[in-house]
Amino acid sequence: MSKIIIGIDPDSKAHGVAVYESGVLVKLQSMSLMELYSLMLSLSHSGPVIHIEDVNAVSAAFGARDKRREGGISVKLKMAQDIGMCKQAQIEVERACESLGVKVVRHKISKQWKCAKNGKAMFQRITGWLGRSNEDTRSAAYFGWLGVTGK
């Protein structure tokens, strides 16, 4: 039986999802919560482990101090709303995992492999994945890679 690691970058619209089997990245895509639940259900016999970005560990106020996102109160309120939606998305993923008895490992937020220029090249070099990817799926691949490497 191969070891299954699923990396997840939670998002309110579609989660970035990366599946590693025996250390090899075999699936990389964006999924709704129900698509992700179906995937975990289909792999539950293999005892997958979820490695997820822990957006709930960070205060929602962090975005308000981001110099790239200066603006009035309406901008800050929209950012807080978006952050809150991502936090809720993480909660829902973790509830789905709990209902299936799937172990969850949380990792602090990281921009590793997100950058389109350098991050994509590093992601491709380390994982060998040459198919389609975006910032969210590469982020999910990074969290899965942390699980594969035991970091």
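On the face of helix 3 turned away from its buried side sit the exposed residues Asn 118 and Arg 125 (exposed means over 50% relative accessible area, buried under 20%, with a 1.4 Å probe and protein chains only; helices are DSSP runs of H or I with at least four residues, strands runs of E with at least two, numbered from the N terminus). The model is predicted, with local features needing pLDDT of at least 70 and side-chain atom pairs counting only at pLDDT 80 or more, while totals for chains, interfaces and linings use all residues. Residues are numbered from 1 along each chain, and side-chain values use heavy atoms, without hydrogens and water.

Helix 3 spans residues 118-127, and its buried residues are Gly 119, Phe 123 and Thr 127. Seen down the helix axis, these fall within an arc of 40°, so they line one face (the arc is that of the directions from the axis to the C-beta atoms). Their cover includes strand 2 (15-21), strand 3 (24-31) and helix 4 (135-149).

Five aromatic pairs are present in the structure (ring centres within 6.5 Å, taking the six-membered ring of Trp; planes under 30 degrees apart are stacked, over 60 edge-to-face, the rest tilted). The ring centres of Tyr 142 and Phe 143 lie 5.5 Å apart with planes at 70°, so this pair is edge-to-face.

Note on methods
Contact = heavy atoms within 4.5 Å.
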